[in-house]
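Work through the exercises below with the model open. Try each task before you read its solution.

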Amino acid sequence: MHQESAIRPPLILGHKTYGDITADVSAPIENKAPTAWYVLITIAAIIALYGVACILYLFSKGIGVWGLNKTINWAWDITNFVWWVGIGHAGTLISAVLLLFRQKWRMAVNRSAEAMTIFAVIMAAVFPMIHMGRIWLAYFVFPLPNQFGSLWVNFNSALLWDVFAISTYFSVSLVYWYIGLIPDFATLRDRVKKKWQKNLYTLLSFGWTGNAKAWQRFEEVSLVLAGLATPLVFSVHSVVSMDFATSLVPGWHSTIYPPYFVAGAIFSGFAMVQTLLLIMRKAMKLEAYVTRKHVEYMNIVIMVTGGIVAVAYATEFFMGWYSGVEYEYYTYMSMGAATGQYAWAFWALIICNNLIPGLLWFKKIRTSFFWAWAISIVINVGMWFERFDIIVLCLHRDYMPSGWTMFYPSWVDVGTFLGTIGIFFTLYLLFARYFPVLALNELKSILKSSGESYKGDVLPKSQH
Amino acid sequence: MANKVIYAVYEDPELLKDAARKLVTAGVHVRDVFSPFPVHGIDPIIGLKRTRLGIVSFMFGIMGLSLALLGTWYMMIYDWPMNIGGKPNQFYYQNVPAFVPVLFEFTVLCAAHGMAITYLIRNKTLPGMPARNPDPRTTDDKFIIELRTEDNHGHAPEAITGMLRDTAVLEINERHY
């Protein structure tokens with residue numbers, strides 16, 4: 001059934017008891033927030049408000065206020081959309097795919113990664129909606145007969161597949177996350193002293209009892225939802241990639257896109273998890289739960305998916321050159337891109353996504369908290385450039401040289417993007433303050449089964 | 001004789017399982033077990049049947065797939081066929097490959113949400129429900145066996161508490177109701 005390795009360090013360090021786990025995770029909720037939290041959330045909220053102002057300005061004027069032109073008619077908007085959806089892949093991958101593979105180290109990471117996923121997908125959904133220009137017609141994406149007769153939405157279109165994929169992914173991830181949260185809210189409900197907190201967590205915990213039948217159902221639901229969410233994770237970014245792959249633009253029209261986009265999404269999603277988790281680990285004193293081993297495992301996933309992405313780049317570059325088609329000379333992976341006016345964007349992508357993450361192959365670097373964090377930020381930047389390159393570089397050399405142009409973002413482009421980062425961090429900081437940031441019930445279940453037979457002398461043998 | 005409910009508190013899931021096994025072997029009916037996390041292996045001991053939620057999910061999935069098939073057929077083939085990029089719209093089977101993403105997503109949507117809603121209703125965990133666990137410590141670090149005298153007419157309450165004292169019990173609480 002379950003074989004314990006003698007050389008694998010325990011997943012939870014120190015001599016923790018069940019009560020200690022509850023106390024450690026509840027501490028930030030019960031205590032006063034540190035000043036740094038107030039400073040950070042103020043900054044995040046100001047940036048968020050600026051983004052909201054930009055979006056309202058956009059609604060009043062139309063999307064002409066973006067830097068788009070006739071040749072480059074998709075740019076930062078769709079770049080940001082794909083970037084955020086990609087980031088939103090890590091949470092469900094960690095909690096669903098790693099659950100199916102029985103990877104117990106996921107339990108210290110999954111709660112915050114899922115929260116990150118949900119906030120990232122909300123940010124992603126903002127962009128296609130505001131990109132419509134007339135947001136009040138957003139209901140046109142639903143299969144409703146329009147007012148001119150019975151003309152329906154087009155189920156042949158990748159853009160409509162996207163509507164279904166993103167909305168399904170978002171709602172299923174939300175439900176999956178919340179079902180896992182219910183027992184932990186119940187823990188807080190039975191623990192907090194302040195009246196408003198008691199009321200809040202009573203409401204949020206839905207009257208959870210924790211009896212044997214409830215736990216049996218809980219485990220069944222977790223398993224089946226994981227089974228459903230796993231193909232969902234892979235389908236969502238496949239569908240996003242089909243927005244490009246089913247078009248006829250050179251560089252976009254490529255059968256490699258779905259697997260390549262999924263690998264890229266996991267790559268960027270894990271990077272964002274690292275970025276947030278390593279800060280949270282220090283700020284919320286979770287060193288015993290998020291250990292060096294967790295960071296190394298995550299970095300290994302980053303290395304594998306980064307490797308897949310690198311192979312995809314090489315394939316695209318080679319096939320573009322080998323086809324001998326002149327239009328392929330200016331796709332995002334081509335000699336034209338590497339030497340042309342957008343060479344800086346091309347090399348930013350290669351350096352941030354291939355060269356610097358390559359350092360993770362050194363064990364010293366991938367087990368270092370600082371370097372893991374620094375590299376994760378570089379990957380976030382690199383993956384933004386990947387989407388920017390795919391969209392703008394493939395478009396900027398149109399079929400006729402008279403249409404050749406460059407893209408310059410307007411202040412609204414920049415403000416909207418920064419604004420979504422602000423909203424994302426505001427939501428994440430609220431989550432870190434008021435929600436149990438580790439999956440309490442799951443961590444308690446591995447407390448005694450992890451590392452009992454550990455023979456290493458670096459760490460004390462966990463007590464029975 | 002007034003009905004009594006006995007709560008035996010344990011500190012470890014393994015100790016609780018040993019105790020439950022002992023009680024059940026002696027013919028005592030265990031009403032329920034409360035724990036802060038799933039106690040693996042307790043279900044067969046106290047005689048819980050496997051949940052049928054997986055089947056529920058499958059049925060909702062089938063329902064979602066059927067609805068999606070019907071909807072895409074009605075909208076794209078029957079009601080208002082459109083020639084889009086030369087994709088065949090005469091017969092459903094010719095056009096269905098283009099609908100696969102939507103069919104899949106809608107199946108998952110219905111299966112996941114149908115199951116989640118059924119789960120919440122069956123567990124009676126819904127917004128606004130009050131806390132119903134017997135002891136607030138069961139969501140922290142204590143494990144409780146619930147026994148009722150009305151389930152165990154063959155045993156005197158004293159005999160049951162005596163049996164519990166022989167296990168690694170932390171405390172025994174009794175409540176009349």
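**Exercise 1. Find the handedness of the crossing of helix 4 of chain A and helix 8 of chain A, then describe the contact.**

Solution. 
- Step 1: The crossing of these two helices is left-handed. The model is a predicted one.
- Step 2: Take the geometry. Helix 4 of chain A covers residues 90–100, and it packs against helix 8 of chain A at an angle of about 115°. The two axes are 8 Å apart.
- Step 3: List the residues that meet. Helix 4 of chain A brings T92(A), L93(A), A96(A), V97(A), L99(A) and L100(A). Helix 8 of chain A brings S222(A), A226(A), G227(A), A229(A), T230(A) and V233(A).
- Step 4: Sort them by class. Eight are nonpolar, four are polar and none is charged.

**Exercise 2. Describe the side of chain A that touches chain B.**

Solution. 
- Step 1: Count the residues. In chain A, 52 residues are in contact with 57 residues of chain B.
- Step 2: Name the elements that give two or more residues to this side of chain A. They are helix 1 (18–30), helix 6 (158–189), helix 7 (195–204), helix 8 (212–245) and helix 16 (440–446) of chain A.
- Step 3: Pick the top contributor. Helix 8 of chain A gives the most, with 16 residues.

**Exercise 3. Is P357(A) buried or exposed?**

Solution. 
- Step 1: Locate the residue. P357(A) sits in the loop between helix 12 (343–355) and helix 13 (363–366) of chain A.
- Step 2: Count C-beta atoms. P357(A) has 26 others within 10 Å. The cut-off for buried is 20 or more, so P357(A) is buried.
- Step 3: Look for contacts beyond four places away in sequence. P357(A) touches I302(A), G306(A), I375(A) and I379(A).
- Step 4: Check one further distance. R387(A) is 30 residues from P357(A) along the chain, and their C-alpha atoms are separated by 18 Å.

Note on methods. Residues are numbered from 1 along each chain as its sequence is written. Chains are lettered from A and ligands numbered from 1 in the order in which they are written. This is a predicted model: local features need pLDDT of at least 70, side-chain atom pairs count only at pLDDT 80 or more; totals for chains, interfaces and linings use all residues. Two residues are in contact if their C-beta atoms, placed from the backbone, lie within 7 Å. Helices (H or I, at least four residues) and strands (E, at least two) are DSSP runs, numbered from the N terminus. A residue is buried if 20 or more other C-beta atoms lie within 10 Å of its own, exposed if 12 or fewer, and partly exposed in between; C-beta atoms are placed from the backbone. Axes are lines fitted to C-alpha atoms, for helices over the stretch in contact, and angles run from 0 to 180 degrees between N-to-C directions. A crossing is left-handed if the near helix is turned anticlockwise from the far one by less than a right angle, and right-handed if clockwise. Ala, Val, Leu, Ile, Met, Phe, Trp, Tyr, Cys and Pro count as nonpolar, Asp, Glu, Lys and Arg as charged, and the others, Gly among them, as polar.
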